[in-house]
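Please keep the sequence and the 3D view at hand while reading.

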Protein chains: 2
Amino acid sequence: MGYTESGGPDLHPQRWLDLPVDARVAQLRALRKHEADELFLRLSTYHQMELLLHLLPSERGAWLRLLPPDDAADLIQAAAGQKFQEDLVDLLDDIGRREVGALLAYQQDRAGGLMNPRFARVRPEMTADEAIAYLRLQASDVETIYYIYALDHDQRLLGVLSFRDLFNCPREQAVRTIMRSEYVSVFQDVDQEAVAALFADTNLLAIPVLDEDGRMKGIVTVDDIVDVVAEEASEDIQKFGGTEVLDAPYMEIGLWSMIRKRAGWLCILFVGELLTATAMARYERDIARAVVLAVFVPLIISSGGNAGSQAATLVIRAMAIGEVGLRDWFRVIRREIPTGLALGAVLAVLGATRILVWQAAANAYGEHAVKIAATIAISLIGVVLWGTFSGSLLPFILRMAGLDPASASAPFVATMVDVSGLVIYFSVAGVILRGTLL
Amino acid sequence: MGYTESGGPDLHPQRWLDLPVDARVAQLRALRKHEADELFLRLSTYHQMELLLHLLPSERGAWLRLLPPDDAADLIQAAAGQKFQEDLVDLLDDIGRREVGALLAYQQDRAGGLMNPRFARVRPEMTADEAIAYLRLQASDVETIYYIYALDHDQRLLGVLSFRDLFNCPREQAVRTIMRSEYVSVFQDVDQEAVAALFADTNLLAIPVLDEDGRMKGIVTVDDIVDVVAEEASEDIQKFGGTEVLDAPYMEIGLWSMIRKRAGWLCILFVGELLTATAMARYERDIARAVVLAVFVPLIISSGGNAGSQAATLVIRAMAIGEVGLRDWFRVIRREIPTGLALGAVLAVLGATRILVWQAAANAYGEHAVKIAATIAISLIGVVLWGTFSGSLLPFILRMAGLDPASASAPFVATMVDVSGLVIYFSVAGVILRGTLL
């Protein structure tokens, strides 16, 4: 990859994680302290928790105290359901216990659960020089200064200033006259997806988190948002593939819980798909008369499903990143109808060509080949248009019903379109082939 | 959302973007300067470019100079293919033109294309106090201090220190003795996905970008990585839905180019799906004898496709976030085979129950109902196992062939499984029903 690792090759977490957990624990104990610390800090919360679980209770405290309070709180939350969760809080020092205890009161997917309670603070009445000296005192707590927050004696946020604002003014100027008193902030109970959207909207590096009285509790920083964005994308992709969201890495999740996560949706889709058997049974007499109709059933229904998956994916993703909102449903439909027609027409040409070529080459379809080709072509236009239309509308309907639009997974859309695709196909066949094959 | 906007309600980019572009230009001109500046800075690169295109050439310079050099370079790159692209560089001031010109030499999806050339720098021989004074001089260029970089006279990177390191030591101590000379850096031509992985591995806020001679060219900061992560996830999701990656927001992309992006994959899938017609034609005589077999075709093949989509999605996402590598293929298969068997068994029970209940209630399947139920149940186990197996293996095969594993989209896997699912189904039927229905 062309970058310098700060440790030896064994420290690369990805390679290291291939080892069984006991071997990892043994290696961690064998490393020099600063190497071991660095390795531990680089691990994901899940893997930190797993290691702690396999260490002796007497060893756990040192590792836990190594973490900043928001990460320690995440780890303790990840240990939910593990017997040793309660002991973990006791292992922290006094300040840590207070900070982590406060963070644990928040849900992990809310602004309060994401925030770091350590941030650079000044008083509005300080001069620029006094503020710099005061920041120096805070240096052991605050690794990086994103922004500097001016608080009153009740911890209420009065204004925000940047490092540049503070260094770019006369030394004697008061913070009050430098700071911006209009600022973006977020309430502690706001959902992490909304916090990520706020970062995308504002391009800020950190956003202050306030409680209901306007007191500042911490900052959410953009580096935590990277994890949120990746996590939300994983969830959307997993839902999109028609499975429940996994709550652990793929390789770590137990076989039984993996089967349960997948069986639920698979059974729902299967029950929906049973309707195709009902629909097909309705057309059994048609099929008995013209078996050739059955030959094209997979082709027709899968084309509708594929077109529907495309439309649903694009709309779901555009919704997730805020490009498309509920109010846009009509604009989306207005785009998808001509798109569906055009895509259907392309497949219709391909399908009809295939039939007519096979007919010319091997008389594969007998005297009614042209009528069969017409049936397939018109059905393809119908199912692709219908698939595109319903695939793009479904995310809106789900969202309007208060459900997650990402549930409109490719398999879900395909199943929905399969039944209606059969009805379209056999109806078209009924009209075109009546009197000849049917 | 419970947060304070720093401007009036009209400044919210999402609502504002609903307006036609001419109305947006008019509103931008009517705003007070600091409001207009803030609004412009909040927009995505694409929307900034679109606005500039609709402003008078004489107005463009002021807006472009408002942007930091990496964002200005992105905007100019986004204008590729637009007639006014060349004029844009000339609108910058001298320093800006040099900086942006250097950035434009990089591809947008490489470390060099992501980086900001403005960062906090010190000399190793300075004392802590001199370094702080020197940082003060740089304050008009550097908004936020992520880390402080110690460079020699040839701009070679010697060491890295944090704000905390500098403020936490005696005032007279030399930077050389505070800085860390082991650091993580990235070569300028490294792909942005690898840079994002490096941020995930190291939890750093900024990573220095070096050229082949070890000279420091800039820093990539974690806030740019948020966009990279979201962009890569969008690409994966779009590929996963069986469409080419869109190069503009969903609502902005032209209808014709939208159709082209989707028609390609849809046609490939259709041609693959034509094999189902060939397969079905092989079994036409079986269907003519036992039309009931046709009734269950959609149910059987879609169950295989759904199981395959699930497996492929989980493996693709686990690969994308680095949880699963090529070396893990056997461990994955070893998990997926029992999973597929279990899922197939669940659907087999559901399917057989459906047939036996309908038979008991309405004699729907005649004297051979039990044999039909057995055919469906065994076929379901076969196609679900096969779908799961091939869906989980396909991303590995694509990656080994140097292709993007995310191309193993739900529709692609479903199409692949459809043909083989038919063969499995009719083979099972051939064995069980031979001598009775067939």
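The text below goes from the pair of chains to single residues.

This is a predicted model, in which local features need pLDDT of at least 70 and side-chain atom pairs count only at pLDDT 80 or more, while totals for chains, interfaces and linings use all residues. Residues are numbered from 1 along each chain as its sequence is written, chains are lettered from A and ligands numbered from 1 in the order in which they are written, and side-chain values use heavy atoms, with hydrogens and water left out.

## The two chains

Two copies of a chain are related by a rotation about an axis and a shift along it.

How many residues of chain B are in contact with chain A? The number is 134, and they meet 133 residues of chain A; contact means heavy atoms within 4.5 Å. Between them, chain B and chain A bury about 11,900 Å², with 64% of it on carbon and sulfur atoms. Buried area is the accessible area (1.4 Å probe) that two parts lose on being put together, summed over both.

The interface holds 21 residue pairs in polar contact, both residues at pLDDT 80 or more. A polar contact is a pair of N or O atoms within 3.5 Å; within protein, one must be able to donate a hydrogen and the other to accept it, and residues adjacent in sequence count only if both atoms are side-chain atoms. On the side of chain B that touches chain A, helix H15 (residues 255-282) of chain B gives the largest share, 17 residues. Helices (H or I, at least four residues) and strands (E, at least two) are DSSP runs, numbered from the N terminus. By class, this side of chain B has 79 nonpolar, 31 polar and 24 charged residues. Ala, Val, Leu, Ile, Met, Phe, Trp, Tyr, Cys and Pro count as nonpolar, Asp, Glu, Lys and Arg as charged, and the others, Gly among them, as polar.

## Salt bridges

A salt bridge is a side-chain nitrogen of Lys or Arg within 4 Å of a carboxyl oxygen of Asp or Glu. Over all chains the count comes to 28, and two salt bridges cross the interface of chain B and chain A. The table gives some of the pairs.

| Pair | Closest N and O atoms |
|---|---|
| B:Arg262 and A:Glu336 | 2.8 Å |
| B:Glu35 and B:Arg32 | 2.8 Å |
| B:Lys33 and B:Asp37 | 2.4 Å |

B:Glu50 lies in helix H4 (residues 45-54) of chain B and B:Arg24 in helix H2 (residues 21-30) of chain B, so the pair ties together parts that are 26 residues apart in sequence. Both B:Glu50 and B:Arg24 are buried; buried means under 20% relative accessible area, exposed over 50%, and partly exposed in between (1.4 Å probe, protein chains only).

B:Lys33 and B:Asp37 sit four residues apart in helix H3 (residues 33-42) of chain B, about one turn of the helix. B:Lys33 is exposed at 59% relative accessibility, whereas B:Asp37 is buried at 14%. Likewise, B:Glu35 is buried at 17% and B:Arg32 is exposed at 55%.

## Local features

Helix H13 (residues 192-202) of chain B is mostly covered, with eight of its 11 residues buried. Among them are B:Leu198 and B:Phe199. At the start of H13(B), a side-chain oxygen of B:Asp191 comes within 2.8 Å of the backbone nitrogen of B:Glu193. After H13(B) comes B:Asn203, with a positive phi near 55°.

Most residues other than glycine have a negative phi. B:Gln155 has a positive phi near 65° and lies in the loop between strand E2 (148-151) and strand E3 (157-161) of chain B.
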